[in-house]
Amino acid sequence: MSSYDDDNGKRVLSNAAVLKFLFRQWGRRPRMLAVVGALFLAATACDIVAPQAAGWLIDAVAVQNDTAAAWGAFGLFAALWGAALVLRNTGGRLMTPFASGNMRDLIADGFARVQSFSAQWHGETFAGSTVRKLSRGMWAYDTLSDVLLFGLIPTMLVLTGLTAVMLLKWPIVGLYVAVVVALFVLASVLLSENYTKPAATVSNRLDSRIGGALADAIGNNAAVKSFGAEAREAARFEAVLDRWRRVTNVTWYRFTNAWLVSNLLMIALQSGLLALLVWKWSAGEASPGDVAFAIASLLVMSGHLRNFGEQVQMLQRGLSEIEDMAIFAETEPQIADAKAAPAFAPGKGEIVFKDVAFAYAGQGASIYEGVNLRIAPGETVALVGPTGAGKSTFVRLIQRLYDVDSGAILIDGQDVRAVSQASLRAAIAAVPQEPALFHRSIAENIAYARPGAPAEDIVAAAARARAHGFVRKLPKGYRTLVGERGVKLSGGERQRVALARAFLADAPILILDEATSSLDTETERDVQAAMKELMVGRTTIVIAHRLSTVREADRILVFDQGRIVEQGKHAELMAKRGLYARLHANSEGEKLGAA
């Protein structure tokens with residue numbers, strides 16, 4: 001997979017690869033693109049013919065003295081400019097639904113793609129940086145589409161068309177224009193690709209770091225305040241800003257230098273073309289109308305060239321800003337469903353590990369080697385052991401947040417890798433030690449387990465989780481917003497909302513990452529009662545910290561360095577005087593070790 005380190009090791013795509021990604025976005029609405037393209041092409045054709053109409057007008061006035069011809073040329077000239085205006089305006093109006101629709105689809109696909117990436121990917125990536133990359137990429141699409149459809153593509157067509165006309169009229173003049181225009185375009189592209197792009201890429205990477213640093217500090221504001229660390233965090237953020245400023249200054253200076261080169265070449269085109277036309281006129285090889293045509297062409301070309309360098313810079317900036325979206329699009333999900341994977345068929349909740357081996361990517365040593373285990377339907381199994389022994393990994397593999405390296409995990413006889421992930425996880429209710437709540441209403445958070453659940457089911461689940469009592473006392477009841485990550489609720493309230501979510505899910509398999517370890521005694525009693533009710537009739541896996549749950553478990557699995565070294569009931573394990581007994585002796589009557 002790609003590395004998405006915000007500072008180092010980030011993949012860099014070529015401009016051609018990013019442009020290919022952009023063109024795929026345009027291709028989402030091919031009919032609308034064809035109409036918009038045709039309108040802009042017609043407008044560009046008017047730009048190319050208009051200078052010739054100006055030349056005919058001057059010849060009719062100054063050489064032929066033909067009033068009818070003069071008015072005809074004037075009418076053609078005015079009609080061409082008017083048509084160009086109408087065509088571009090119509091194309092611009094059609095661009096609005098075309099662009100907004102593509103932008104909507106682009107960021108929706110980007111979000112879905114990021115959502116599909118593995119738990120490990122998200123664990124190694126700043127959430128704030130990812131948000132920044134997605135939103136920046138959406139607006140970069142808008143910039144790129146405007147630059148290409150309104151700027152660079154019409155510019156290249158106009159330059160090519162007028163240069164071709166001059167080559168036919170005066171080969172030497174046309175050749176000079178062709179050489180200068182080619183140098184101008186070549187210099188703009190080479191400067192963009194090799195001079196401004198490297199600096200812009202680093203600048204955008206640091207821009208993502210700003211988003212990551214902001215999200216990290218603001219998301220942990222409670223910790224910042226508890227340590228009185230506002231000034232420290234401000235200084236840390238300013239250090240990120242200073243680094244961004246230094247790099248961005250280099251980027252902008254390079255854009256300015258590239259602009260200078262472009263303008264020098266444009267001056268060469270203007271002065272050289274005018275000098276050649278005066279020479280042709282003095283030699284009797286060009287009429288006043290021809291000179292007028294050349295001047296009008298020069299004005300049209302200069303107008304396009306004047307913006308060309310800036311447009312190339314905007315193009316490069318836009319390509320750098322949308323690059324992350326292109327990388328997301330071509331990165332395959334690290335944990336992917338098998339082709340045409342069927343939905344998981346929930347059964348009684350039997351879980352079987354068959355010779356399972358697993359190691360986290362980049363960590364070298366294996367967590368598991370040859371683990372074999374069967375958890376019977378309806379059995380309550382507690383996982384205990386020292387920190388890093390493999391308890392949390394056990395439940396992550398069951399949920400298929402990671403894939404085993406070898407062996408297989410079967411749930412109700414189905415290999416977890418053979419069924420769709422969404423259906424598998426819908427059959428597993430998890431209550432973590434730190435519940436993940438959305439900044440939405442209490443009702444929405446509970447219903448997250450079963451979208452569209454009727455209000456009476458939500459209330460019933462809350463009542464079973466001992467949450468209804470505190471919810472009904474809130475001014476807005478179940479419509480109360482819980483704040484980001486549930487910060488408006490106490491720890492016990494968050495746990496009860498998470499339990500209500502699990503009740504509503506009504507899944508055959510339940511995972512409890514001991515949800516009472518940080519609660520006061522009275523709240524713990526309520527939560528424990530709710531948990532005990534929730535466990536009835538379900539296969540339950542408990543990552544254990546407190547003895548109360550462990551003592552009641554049907555079986556205790558004792559992990560040590562990825563191996564199950566002991567298993568049995570509490571009394572049996574105490575009698576063995578092994579690792580479990582030592583953990584028990586060191587727990588001071590409460591803790592058995594963190595997960």
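Reader: Let's start with α13 and α15. How do they sit relative to each other: parallel, antiparallel, perpendicular or oblique?
Author: They're oblique to each other. In this predicted model, helix α13 (residues 455-464) packs against helix α15 (residues 491-505) at an angle of about 125°, and their axes are 8 Å apart.

Reader: And is that crossing left-handed or right-handed?
Author: The crossing of α13 and α15 is right-handed.

Reader: Which residues meet there?
Author: From α13 you have D457, I458, A461, A462 and R464. On the α15 side they meet A500, F503 and L504. Sorted by type, the contact has six nonpolar residues, two charged ones and no polar ones.

Reader: OK, so what sheet is that? How many strands form it, and in what order?
Author: Six strands form an open sheet, in the order β6-β7-β8-β3-β9-β10, with mixed pairing. β6 (428-431) and β10 (563-568) are at the edges. Each of those two has a single partner strand, so one side of each has no neighbour in the sheet. From one strand to the next, the twist averages 20°.

Reader: How does β10 pair with β9?
Author: β10 and strand β9 (residues 555-560) pair in the antiparallel sense, over five bridges. Within that pair, F559 stands opposite I564 in β10.

Reader: Which strands does helix α10 touch?
Author: Helix α10 (residues 391-398) packs on the sheet and touches β3 (380-384), β6, β7 (509-513), β8 (539-543) and β9. Its direction makes about 145° with that of β8.

Reader: Switching topic: what about α3 and α5, how are they packed?
Author: Helix α3 (residues 67-116) and helix α5 (residues 127-169) pack at about 150°, with axes 10 Å apart. That makes α3 roughly antiparallel to α5. Their crossing is right-handed.

Reader: What kinds of residues are in that contact?
Author: It divides into 14 nonpolar, seven polar and two charged. Among those from α3 are F98, L106 and F111, while those from α5 include W139, Y141 and D142.

Reader: Last bit, the whole chain. How many helices and strands?
Author: The protein chain comes to 19 helices and 10 strands.

Reader: And what radius of gyration does the chain have, next to a compact globule?
Author: The chain has 34 Å, whereas a compact globule of 595 residues would be near 25 Å. Along the principal axes, its C-alpha atoms fill a box of roughly 115 × 50 × 50 Å.

Key
Residues are numbered from 1 along each chain as its sequence is written. This is a predicted model: local features need pLDDT of at least 70, side-chain atom pairs count only at pLDDT 80 or more; totals for chains, interfaces and linings use all residues. Side-chain values use heavy atoms; hydrogens and water are left out. Axes are lines fitted to C-alpha atoms, for helices over the stretch in contact, and angles run from 0 to 180 degrees between N-to-C directions. Helices (H or I, at least four residues) and strands (E, at least two) are DSSP runs, numbered from the N terminus. Angles under 35 degrees count as roughly parallel, over 145 as roughly antiparallel, 65 to 115 as roughly perpendicular and the rest as oblique. A crossing is left-handed if the near helix is turned anticlockwise from the far one by less than a right angle, and right-handed if clockwise. Contact means heavy atoms within 4.5 Å. Ala, Val, Leu, Ile, Met, Phe, Trp, Tyr, Cys and Pro count as nonpolar, Asp, Glu, Lys and Arg as charged, and the others, Gly among them, as polar. Two strands pair if DSSP finds at least two bridges between them. The radius of gyration is taken over C-alpha atoms; the globule rule is 2.2 Å times the number of residues to the power 0.38.
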